[in-house]
Amino acid sequence: MCGIVGYIGKKPAFPILLSGLKRLEYRGYDSFGFFVLNKNKPFLFKKVGKISEFEQNFPNPDGEIGIAHTRWGTTGKISEANAHPHYDCQQNIFLVHNGIIENYQEIKERLIKEGHKFLSETDTEVICHLIEKYFERNLEEAVRKALREVRGTYGIAVISKKDPQKIVVARLSSPIILGINKDEFLVASDPAAIITHTRQVINLDDNEIAVLKPDGFFILKEKPLETIEWKIEEAEKGGYPHFMLKEIIEEPEVIENAIRGRLIIEEGSVKLGGLDSVSAQLREMDKLVLVACGTAHYAAMVGEYMLEEYAGLPCEVDIASEFRYRKPVVDEKTAAIFVSQSGETADTLAALREMKKKGILTIGITNVVGSTQSRETDAGVYTRSGPEIAVASTKAFLGQLATLAMLTIYLGRQSEMSLVTGKRIIEELAKLQELAREVLKKAPEIEKLAKKYRNFKNFWFIGRKYNFPIALEGALKLKEISYLHAEGIAGGELKHGPLALIDENFPTIAICPSDSVYEKMISNIQEIKAREGPVIAIATQGNEEIKKIVDDVIYIPKTLEMLTPLLSIIPLHLFAYYMAVLLGNDVDKPRNLAKVITVE
Ligand code: G6P
C-alpha cells in the first residue's frame with residue numbers, strides 16, 4: 001500500500017528520495033511527504049495529491065539524510081496533517097511508517113494524559129511520541145523500547161535531529177529492504193524504489209532493527225547480501241509481469257488486512273469501529289438492501305447468503321443501475337449497504353443518494369478511504385485491500401467478502417447468533433489467509449489447465465448457494481480479460497435452457513466444494529457429462545471420488561461453507577489471468593473497459 005524510501009550517504013538526499021517515490025507511484029497513493037535533515041534547516045514537505053502536481057515548484061533542500069513516503073490512507077482522512085513523515089512534540093523524531101498499529105487508540109489516550117500533543121488522526125503518530133518518550137541520546141534504543149509497546153504491523157524509518165547521522169529502520173510483517181552501496185545506504189518498502197541505485201540488498205526480517213550511518217550499517221544479526229535480478233518494469237509491479245497477477249497473489253494478505261484487529265475471539269464477535277455511531281440503529285433494522293455494480297455486486301450476493309443464514313435478516317441485493325430506477329419498498333427499518341471498491345461508481349452513488357433522500361440508513365463497504373461513497377454514507381467499514389490497479393477487480397473482491405463475513409457476525413451477534421457460532425466463524429476466518437496461500441500454490445497447475453483449454457471459445461461456470469455468485473464472478477473475469485464467451489449460472493438452472501448448448505466443445509467449470517449442495521452439483525455435472533461436455537471441478541481437498549466423473553480437478557482446502565467463496569474464487573481469478581496471457585491480451589487494461597465508472 002504505502003511506500004517508504006530513505007537515503008543516507010554523501011549525495012544530496014532529496015533527488016534520490018524523489019526518484020524513489022516516483023518509482024513507487026504504481027502502488028497508488030493519495031498524499032506524500034519528505035523529511036531531509038540539513039544541519040542548518042531541517043526540511044519537511046507534505047502534500048495531498050500526486051507528486052507530478054507539485055514537481056515544478058519543488059524546493060531543493062540540502063542534506064544527505066532523508067526519508068520519504070507515499071500514503072494510501074487507512075486510518076484518518078486524506079490530509080496534509082495525516083501524510084507522513086510524522087513527528088513528535090519536540091520536532092526531534094521524524095518517522096515514516098507502513099502498516100497498522102492496532103492498539104494506537106489506547107496508546108494515544110495514555111500519551112495525551114502524559115502531556116503529548118497529537119497533530120494527526122493517524123495510528124503512526126503514536127510511534128513518534130513513544131520514541132520521544134524513551135529518547136535519551138540514542139535513537140535505536142528509543143525505537144526498540146517504543147516498539148515493545150505497539151501491536152500490529154510496521155515497517156518504519158526514523159531520523160532524529162538530536163542523534164543525527166543515522167536512519168533507524170525496523171519491521172514487523174511489513175516489507176523493508178536495505179540497499180547497500182559503497183558510502184551510501186538506502187531503505188525502501190519495495191525494491192522498485194532503489195533498484196536504480198543498487199542491486200545489493202538485505203531483506204530485513206521481523207523484529208529486526210537496523211541502523212544506517214554514512215560510513216556503515218549494522219543489524220542485530222548477521223545477514224547475507226542478496227542480488228535483485230528484476231527488471232525495472234517488473235520491479236514496479238512488485239516483481240510480477242502484470243498488476244492483475246500481483247493483486248491475485250496479494251489475496252491472502254487482503255484477507256489478513258481486512259480482519260486485522262477486528263476479531264474478538266473470546267466474545268465470538270467483531271469490532272467494526274466505523275459502525276459504532278449507528279450500532280443501536282442497526283439493531284432495529286428488519287431488512288437490508290445491498291447495492292453495487294460489477295464484481296462488487298457479486299460480493300454483495302455472497303453477502304446475502306451469509307446475512308440471511310447467520311444474521312437472520314431478510315436481504316435484497318440489486319445492481320445499482322437497476323435499483324436507482326426501481327421503486328424499492330423500503331422503510332425506516334431498512335438499512336441500505338453499498339459495496340464498492342472505488343467508492344466512486346456513478347450508479348452506486350446515485351442509488352445511495354436516492355436512499356438518503358428517503359431517509360434510509362446508509363452503510364458503505366468501501367476500499368478507498370475518503371472516496372465519495374465513504375463520505376456520503378452514514379457509516380461504513382473500509383475493506384483495507386490496498387490500491388487495485390488492474391481494471392479487472394480481484395483482490396478487492398476478497399476484501400469485500402471478508403468484510404461482509406464480519407458484518408454478518410456483527411449483525412448476527414446483535415440478534416440471534418450464538419456465542420458458539422460467532423466463535424466458530426471467527427476461528428475459521430482467522431485461518432483463511434493461510435488456506436488462501438495454499439490455493440495460490442496451485443498456480444502452476446492452473447496455468448497448465450489454461451493451456452489445455454485455451455482453444456475453447458465458450459465456457460459455463462456453475463455453482464449453487466454461496467458459490468453461485470462465484471460462478472458469476474469467475475465467468476465475468478474470464479470474459480473481461482480473455483474476451484471469450486463465458487456465462488455463470490446457478491446449477492439448478494442448467495436444465496432450464498443452458499444444457500441445450502452443451503457438447504464436447506463447450507466446457508463447464510463447476511464449483512462444487514463438499515458442502516450442503518454438493519450432491520446437487522454432482523447431479524448437474526452428470527447431466528453435463530452425459531452430453532460429453534468437458535468439466536473442470538473446483539472441489540474440496542480429499543475428495544478423490546470426483547476425479548472419476550470430471551476431466552480436471554482443482555482442489556481447495558476445507559473451510560466453513562459460508563467462507564468457501566473466499567477460496568473457490570482464487571483458482572478462477574488465476575484461470576482467467578492465464579487464459580488472457582496465453583491469448584496475448586492486455587491483461588491489466590482490457591479493451592473497452594475502465595477501472596472506475598464515473599458515468600451512468
Ligand atoms: C468497473 C470495474 C469493475 C468493478 C466495477 C464496480 O466495471 O472495472 O472491476 O467491479 O466497476 O466498481 P466499484 O469501484 O464500485 O467496486
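Modeller: On a 1 Å grid over the protein atoms alone, a pocket is an open set of points with protein on both sides within 12 Å along at least five of seven lines; a cavity is a set where a 1.4 Å probe fits but cannot get out, and lining residues have an atom within 4 Å of a point. The model is predicted: local features need pLDDT of at least 70, side-chain atom pairs count only at pLDDT 80 or more, and totals for chains, interfaces and linings use all residues. Residues are numbered from 1 along each chain as its sequence is written, and side-chain values use heavy atoms, with hydrogens and water left out.

Biologist: Which residues lie nearest the centre of the second largest pocket?

Modeller: This pocket has a volume of about 990 Å³, a volume being the space filled by probe spheres set on grid points joined across faces, edges and corners. Its lining is made of 37 residues. Those nearest the centre are Thr74, Thr75, Tyr104, Gly273 and Arg384.

Biologist: Where does the second largest pocket lie?

Modeller: Domain bounds come from an automatic or database domain assignment. Residues of both domains line this pocket, so it lies between domain 1 (2-228) and domain 2 (235-440).

Biologist: How many residues of helix α14 are buried?

Modeller: Helices (H or I, at least four residues) and strands (E, at least two) are DSSP runs, numbered from the N terminus. Buried means under 20% relative accessible area, with a 1.4 Å probe and protein chains only. α14 is mostly covered, and of its 20 residues the buried ones number 18.

Biologist: How far apart are the end C-alpha atoms of α14 (residues 395-414)?

Modeller: The expected span is 1.5 Å times one less than the number of residues. For the 20 residues of α14 that should give 28 Å, and this agrees with the end C-alpha separation of 29 Å.

Biologist: Which residue in β3 is the bridge partner of valine 36?

Modeller: Two strands pair if DSSP finds at least two bridges between them. Strands β2 (residues 31-37) and β3 (residues 43-48) pair antiparallel over 6 bridges, in a hairpin with 5 residues between the strands. Valine 36 is bridged to phenylalanine 43.

Terms used:
Buried < 20%, exposed > 50% of the residue type's maximum accessible area, 1.4 Å probe, protein only.
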